[in-house]
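Here's a quick briefing to read alongside the model.

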Amino acid sequence: MESDRVNIEKLEGGSNWLTWKFQMRQVLEASELFDVVDGTDSPPSIRDENYRTDIVAWKKNDAKARRAISTACKKQPLLQIMNCDTANSMWTTLKSTYEQTSKSNVLFLQQKYYSFTKEPGDDIATCISKLMEIVQQLKDQKENISDTMVMTKILMALPAEYNHFHSAWESTSAENQTMSNLRARLMAEELRLKSQGQIEHVEA
């Protein structure tokens, strides 16, 4: 688990709460600890027949989750959870502290999404990755963005040399109009345009 967390940027506050929450959840789920964190796996009742065994196992998982969360926080968020005695209370405290701050960014994210265009120095893969990052941030805020909307936005974000691609894509059967097919066909089209010298070669 330690190696999994190496690439996670530490939580600074509301500015990176969405991406941190998403990455942290993946790590916790992969380690089978997220049920403890979100409260699904609550402490066993003292009335349970196997209470002594179960409480030891639960406390062990809770301690692992608390360590994962606390070591992935910078000073300010850490101060918010120093008095929390369970991983669930840590998670709940961080959500209540930073979720509302993040929601104020929804309008900004929507503006980024609708005004998004492919930058001249980006290849198709980079362009799509940048857009999908914005889409994921919006989805984290419970914004409903379908694959069809994303594919339409990708087509709208392309420069003029891809104009003919629109009609080619529209003629594709509905069952083949998928994100993976769009990405593959755009990357193939990019190679074709490069070979014809219609666009500059760019590094990924």
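This is a predicted model: local features need pLDDT of at least 70, side-chain atom pairs count only at pLDDT 80 or more; totals for chains, interfaces and linings use all residues.

**Salt bridges, core and rings**

**Salt bridges**

- The count for this structure comes to 6 salt bridges.
- Asp-62 and Arg-66 both sit in helix 4, and because they are 4 residues apart there, about one helical turn separates them.
- Glu-12 and Lys-74 also pair up, with an N to O distance of 3.2 Å. Glu-12 is in the loop between helix 1 (2–5) and helix 2, while Lys-74 is in the loop between helix 4 (51–70) and helix 5 (75–81), so this pair ties together parts that are 62 residues apart in sequence.
- Glu-119 and Lys-130 meet at 3.4 Å, N to O. This pair links distant parts of the chain, 11 residues apart, with Glu-119 in the loop between helix 7 (106–114) and helix 8, and Lys-130 in helix 8.
- Glu-119 is partly exposed at 45%, and Lys-130 is partly exposed at 31%.
- Asp-122 joins Glu-119 and Lys-130 in a network of salt bridges.

**Nonpolar core**

- The largest nonpolar core has 47 residues, and the members touching the most others are Trp-20, Leu-28, Ile-69 and Leu-94.
- Helix 8 (residues 124–140) supplies the largest share of this core, with 7 residues.
- Domain 1 (16–102) and domain 2 (116–196) both contribute residues, so the core lies between them.
- Beyond its neighbours within four places in sequence, Leu-94 is in contact with residues including Trp-17, Trp-20, Ile-69 and Ile-81.

**Aromatic rings**

- There are 7 aromatic pairs in the whole structure.
- One of them is Trp-17 with Tyr-98: the ring centres are 6.3 Å apart and the planes are at 35 degrees, so the pair counts as tilted.
- Trp-17 belongs to helix 2 (residues 17–30) and Tyr-98 to helix 6 (residues 87–103), so the pair ties together parts that are 81 residues apart in sequence.
- Both residues are buried, Trp-17 at 0% relative accessibility and Tyr-98 at 7%.
- These two rings also belong to one aromatic cluster with Trp-20, Phe-34 and Trp-91.

**An exposed methionine**

- Met-156 is in helix 9 (residues 147–157) and is exposed, with a relative accessible area of 57%.
- Its C-alpha atom is 43 Å from that of Asn-88, which is 68 residues away along the chain.

Methods. Residues are numbered from 1 along each chain as its sequence is written. Side-chain values use heavy atoms; hydrogens and water are left out. A nonpolar core is a set of buried Ala, Val, Leu, Ile, Met, Phe, Trp, Tyr and Cys residues joined through side-chain atoms within 4.5 Å. Buried means under 20% relative accessible area, exposed over 50%, partly exposed in between (1.4 Å probe, protein chains only). Helices (H or I, at least four residues) and strands (E, at least two) are DSSP runs, numbered from the N terminus. Domain bounds come from an automatic or database domain assignment. Contact means heavy atoms within 4.5 Å. Rings of Phe, Tyr and Trp (its six-membered ring) pair if their centres lie within 6.5 Å; planes under 30 degrees apart count as stacked, over 60 as edge-to-face and the rest as tilted. A salt bridge is a side-chain nitrogen of Lys or Arg within 4 Å of a carboxyl oxygen of Asp or Glu.
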